[in-house]
Amino acid sequence: SIGVAMDAVSSNASAEFQITIQVSVDTYDESVEFAPYVTVSGTINPDGSRTVISPTEQQVIDLGSIAVVGAEGSVLRNLRVIAPAGMAGEVTLLTMDNIAMLVDNVEFDGAGIQGVVGLEVAGSNSSEAVVMSSAVRNCTIGIRTSDSSVKILRTEIDTIAEDGIVVLAPSTSKGDTSTAVPRLGDVTDLAGTGANAFSNISEAFVRNENINATVKAEVNSWGT
């Protein structure tokens, strides 16, 4: 399992010696808690089938109602994360809590279950986190951030029952944290930002509750 592999490498991984767990195309019925500086890289076949993380309801509950927990310097790439069927209450498919992490080419599927948040990104250290070339679908809230300037680019946010992205009010009124909002697109940096696509969002594309800062979201596609 991915968890067994994570346990096996966790004591050896470091910023100077990062470790990759390569995962074959299959469905892994488990939640995942990352160790720092470990990459989990799935596999995508030519027919489009890919590695799937699909935890059970109990596994998600045991991890604090979370499917995947990120860690400093970790990478999640080339796979799909699916919410457990029949889950009641709020569930988060991936949390980045005060960490810098890369999410690349990952599909987050809330399966239309009420209360699912695709990604939760919090804390000033997560301002160095990047979500790119990914998709968040069939969730209640696509991405929720707080105290973070996480960069989100080339990502599809589709079929969301409430808001596409929610920026919560800051935890402090002082310093850089008070003005931290996600980086969604800047016309002066076309190569490194933007190109996100919003579609089938029932409420707000971006709901900004941080009165201290404006969310810049240029060069994106705004659907319905």
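Buried means under 20% relative accessible area, exposed means over 50%, and partly exposed lies in between, with a 1.4 Å probe and protein chains only. Keep that scale in mind as we walk through the model.

This is a predicted model, in which local features need pLDDT of at least 70 and side-chain atom pairs count only at pLDDT 80 or more, while totals for chains, interfaces and linings use all residues. Residues are numbered from 1 along each chain as its sequence is written, and side-chain values use heavy atoms, with hydrogens and water left out.

**Stop 1: the sheet**

Start with a cartoon view. Seven strands form an open sheet with parallel pairing, in the order β3-β6-β8-β10-β13-β16-β18. Strands here are DSSP runs (E, at least two residues), numbered from the N terminus, and two strands pair if DSSP finds at least two bridges between them. Select 32–33 and 206–208 to see the edge strands, β3 and β18, each of which pairs on one side only. Strands of a sheet pair through backbone hydrogen bonds, either parallel or antiparallel.

Now look at β16 beside β18: three bridges join these strands, which run parallel. Pick I165, and you will find its bridge partner V206 in β18.

**Stop 2: V68**

Select V68 next, in strand β6 (residues 66–69). Is V68 buried or exposed? V68 is buried, at a relative accessible area of 0%. Show what surrounds it: setting aside neighbours within four places in sequence, V68 is in contact (heavy atoms within 4.5 Å) with V32, F34, I53, V81, L93, L94 and T95.

**Stop 3: salt bridges**

How many salt bridges does a search of the whole structure find? The search finds ten, where a salt bridge is a side-chain nitrogen of Lys or Arg within 4 Å of a carboxyl oxygen of Asp or Glu.

- Select E107 and R137, whose closest N and O atoms are 3.8 Å apart in their salt bridge. E107 lies in strand β9 (residues 102–109) and R137 in strand β12 (residues 135–139), so this pair ties together parts 30 residues apart in sequence. E107 is buried at 18% relative accessible area, whereas R137 is partly exposed at 25%.
- Move to R144 and E120, a salt bridge with 2.7 Å between the closest N and O atoms. This pair links distant parts of the chain, 24 residues apart: R144 is in strand β13 (residues 141–146) and E120 in strand β10 (residues 116–122). R144 counts as buried at 14% relative accessibility, and E120 counts as buried at 16%.
- Finish with R207 and E203, whose side chains meet in a salt bridge at 3.5 Å, N to O. R207 is partly exposed at 32%, and E203 is partly exposed at 45%.

**Stop 4**

V187 sits in the loop between β16 (165–167) and β17 (197–201), and is partly exposed at 48% relative accessible area.

Methods: Helix = DSSP H or I, 4+ residues; strand = E, 2+ residues; numbered from the N terminus.
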